[in-house]
Amino acid sequence: QVQLVESGGGFVQAGGSLRLACAASGNIYSIHRMGWYRQAPGKQRELVATITSGGSTNYADSTKGRFTISRDNAKNSVNLQMNSLKPEDTAVYYCNAIITIITDSLGNYWGQGTQVTVSS
């Protein structure tokens with residue numbers, strides 16, 4: 001019913017930048033909060049950043065000042081600009097969205113994940 005498709009992961013040296021993008025499609029009535037989470041090998045999935053439909057943002061302490069989340073409500077998309085990347089940012093990054101679908105059902109949806117690797 002709903003798909004989240006991510007793009008933009010890859011390999012970068014420490015200090016470099018990457019931009020992740022995620023687009024939602026399907027039987028969408030409205031999208032509430034969108035965000036990015038990440039999971040490194042052997043660790044639990046953790047918050048990176050979220051943004052509400054009104055534009056309010058929330059960042060993990062480890063990403064504040066380096067990452068910027070933005071969204072385009074008209075395109076049902078969310079982006080994550082990642083600057084000053086560090087090796088500890090290496091992880092699979094997952095797009096997340098809380099969506100009300102056309103049947104009036106509220107759900108929590110995840111993308112398939114995109115790998116970000118930062119070398120030292």
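## Asp61 and its partner

Asp61 is exposed, at a relative accessible area of 68%; here exposed means over 50%, buried under 20% and partly exposed in between, with a 1.4 Å probe and protein chains only. Lys64 forms a salt bridge with Asp61, and the closest N and O atoms are 3.3 Å apart. A salt bridge is a side-chain nitrogen of Lys or Arg within 4 Å of a carboxyl oxygen of Asp or Glu. By this rule the count comes to 4 salt bridges.

A word on the model: it is predicted, so local features need pLDDT of at least 70 and side-chain atom pairs count only at pLDDT 80 or more, while totals for chains, interfaces and linings use all residues. Residues are numbered from 1 along each chain as its sequence is written, and side-chain values use heavy atoms, with hydrogens and water left out.

Now to the buried charges. Asp89 has a relative accessible area of 0% and is therefore buried. The side chains of Asp89 and Arg66 meet in a salt bridge, 2.7 Å from N to O. Asp89 lies in the loop between β8 and β9 and Arg66 in the loop between β6 (57–59) and β7, so this pair ties together parts that are 23 residues apart in sequence. Strands (E, at least two residues) are DSSP runs, as are helices (H or I, at least four), and they are numbered from the N terminus. Arg66 counts as buried too, at 10% relative accessibility.

Asp89 also meets Arg38 in a salt bridge, at 2.9 Å from N to O. That pair links distant parts of the chain, with Arg38 in strand β4 (residues 28–39) and Asp89 in the loop between β8 and β9, 51 residues apart. Arg38 is buried, and so is Asp89. Arg38, Glu46, Arg66 and Asp89 are linked in a network of salt bridges.

## Arg71, a buried charge without a salt bridge

Arg71 is found in strand β7 (residues 67–72). Arg71 is buried yet has no salt bridge, and the nearest side chain of opposite charge, Asp72, is 8.1 Å away.

What does the side chain of Arg71 reach? One of its polar atoms lies 2.6 Å from the backbone oxygen of His32, and the side chain also reaches the backbone oxygen of Thr52 at 3.3 Å. Leaving aside neighbours within four places in sequence, Arg71 is in contact (heavy atoms within 4.5 Å) with residues including Ile31, Met34, Ile51, Ser77 and Val78.

Ser77 is found in strand β8 (residues 77–82) and is buried, with a relative accessible area of 12%. Not counting residues up to four places away in sequence, Ser77 touches Cys22, Ala23, Met34, Ser70, Arg71 and Asp72.

The disulfide joins Cys22 to Cys95, with an S to S distance of 2.1 Å. Cys22 lies in strand β3 (residues 18–26) and Cys95 in strand β9 (residues 91–101), so the pair ties together parts that are 73 residues apart in sequence. The torsion about the S-S bond of Cys22 and Cys95 is about -80 degrees, so the disulfide is left-handed. Cys22 is buried at 2% relative accessible area, and Cys95 counts as buried at 0% relative accessibility.

Key. A disulfide is a pair of cysteine sulfur atoms within 2.5 Å. Lys and Arg count as positive and Asp and Glu as negative; His and the chain ends are not counted. A polar contact is a pair of N or O atoms within 3.5 Å; within protein, one must be able to donate a hydrogen and the other to accept it, and residues adjacent in sequence count only if both atoms are side-chain atoms.
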